[in-house]
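Here are my notes for your first look at this protein. Keep the structure open and check each point as you read.

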Amino acid sequence: MKRLISIIVALLAICGLLGYSSDRLQASSGSTGSHVLNLYNWGDYIDPSLLTKFQKETGYHVNVETFDSNEAMYTKIKQGGTQYDLAIPSEYMVAKMKRAHLLKPLDQQKLTGWHNYDPRFLNQSFDRGNRYSMPYFWGTLGIIYNDKYVQANEVQHWQDLWSPKFRDKIMLIDSARDIMGMALITQGQSMNATDPATLSAAEKKLNELAPNVKAVVADEIKMYMIQNEAPLAVDWSGEAAEMLANNPHLHYIVPSEGSNLWFDNLVIPKIATHTKAIYAFLNFMSEPQNAAQNAKYIGYATPNKAAKALLPRSVRDDQQFYPNQQTLQHLQVYQDLSPAKVQLYNDRYLEFKMHH
């Protein structure tokens with residue numbers, strides 16, 4: 001009898017363990033319980049202590065899964081299977097997801113924090129009226145320079161990068177739209193230009209820059225710049241913030257003639273089910289103190305005007321990351337181009353990279 005009881009106890013223990021493992025697996029891929037929120041986010045793109053605070057205040061458990069590109073996020077949501085409640089795509093991807101009917105419209109009556117946001121960052125072309133998206137962070141494309149090798153007055157404009165004195169000194173972010181866009185602006189063109197002749201002219205302009213280009217890379221730019229291994233780089237403001245925090249000789253410039261203005265946004269995928277948790281989280285992240293805490297942790301610019309007012313003066317008055325209105329009015333938001341138009345950019349950009 002004791003042996004039988006031992007066997008039964010062992011079987012029950014195994015069943016319990018299997019049940020626990022099943023719950024853990026479910027949580028890792030998006031739980032379907034009633035008191036959870038499944039967040040699909042970029043890696044390390046929210047202060048973890050805010051998630052803990054939200055869970056304590058509301059009782060909703062947050063499951064976080066990460067992606068490394070807008071395209072990967074789009075594909076997984078389109079395929080379905082995992083019930084994400086909130087995702088954080090960039091501006092052009094919001095437009096693409098809207099067209100593919102992958103998003104639920106926001107219930108404006110359930111949102112309590114719109115008045116905290118800067119009107120300049122609402123009602124953008126990719127989502128008029130913010131019917132589907134709430135801004136999360138915003139930023140720019142610009143020039144990082146090291147004052148050990150370069151003076152500020154030498155790199156105030158994109159055209160300055162073409163100077164012969166910067167031969168083999170510039171790191172470029174590996175991004176077709178951004179690098180082609182930089183060349184387009186020097187020629188007085190839109191960063192959303194699609195005319196083949198205009199894009200070919202931009203490629204020719206980039207080929208003239210090739211002797212000055214040390215490398216075209218991705219995340220490695222941060223290491224090169226932090227370690228004083230390159231005098232100049234073209235990269236996004238969020239990446240620049242991390243570089244500047246780790247090297248006092250680095251500075252960030254947004255050329256006044258124009259650049260890219262990007263947005264990351266909170267959206268509700270069509271397959272989302274936890275409505276109460278979703279709106280609790282959106283309102284929680286719209287509260288000024290929470291948005292300010294998140295901005296301090298991430299280092300990107302917050303679109304929450306009330307939150308910005310809570311940031312240290314040294315941060316909120318830093319025109320490297322909060323450009324003045326004169327510069328802002330010349331910034332351009334990327335449009336979501338058709339696959340054929342995107343291919344035009346990619347083809348011209350690849351030709352430049354081969355030339356380099």
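1. How far away is the nearest side chain of opposite charge to D235? This is a predicted model, so take the distance as a computed value. That side chain is K222, and it is 7.3 Å away. D235 is buried and has no salt bridge. A salt bridge would need a side-chain nitrogen within 4 Å of a carboxyl oxygen.

2. Now look around D235. It lies in strand β8, residues 232–236. D235 then touches T140, L141, G142, I144, I173, I221, M243 and Y252.

3. Next, confidence. The average pLDDT of the protein is 90, and 90% of the residues score at least 70. Residues 1–30 are another matter: there the pLDDT is below 50. Beyond near neighbours in sequence, that stretch has 8 contacts in the model. Where pLDDT is low, the predicted coordinates should not be read in detail.

4. Which residues of α6 are buried? They are T198, L199, A202, E203, K205, L206, N207 and L209. What covers them includes β6 (170–173), α5 (176–186), β7 (213–217) and α14 (339–355). As a reminder, an α-helix has 3.6 residues a turn, so residues three or four places apart point the same way.

5. Aromatic rings come next. The count comes to 19 aromatic pairs. Take Y45 and F137. Their ring centres are 5.6 Å apart and their planes meet at 40°, so this pair is tilted. Y45 sits in the loop between β1 (36–42) and α2 (48–58), and F137 in strand β5 (residues 133–146). The pair therefore ties together parts that are 92 residues apart in sequence. Y45 is buried at 6% relative accessibility, and F137 is buried at 1%.

6. Compare F126 and F263. Their ring centres are 5.9 Å apart and their planes are at 45°, so this pair is tilted. F126 lies in the loop between β4 (103–104) and β5, and F263 in strand β10 (residues 259–269). The pair thus ties together parts that are 137 residues apart in sequence. F126 is buried at 7% relative accessible area, and F263 is buried at 0%.

Terms used. Residues numbered from 1 in each chain as written. Predicted model: local features only at pLDDT ≥ 70, side-chain atom pairs only at ≥ 80, totals over all residues. Heavy atoms only, no water. Helix = DSSP H or I, 4+ residues; strand = E, 2+ residues; numbered from the N terminus. Buried < 20%, exposed > 50% of the residue type's maximum accessible area, 1.4 Å probe, protein only. Lys, Arg positive; Asp, Glu negative; His and termini not counted. Contact = heavy atoms within 4.5 Å. pLDDT = per-residue confidence, 0-100. Phe/Tyr/Trp six-rings, centres within 6.5 Å; stacked < 30°, edge-to-face > 60°.
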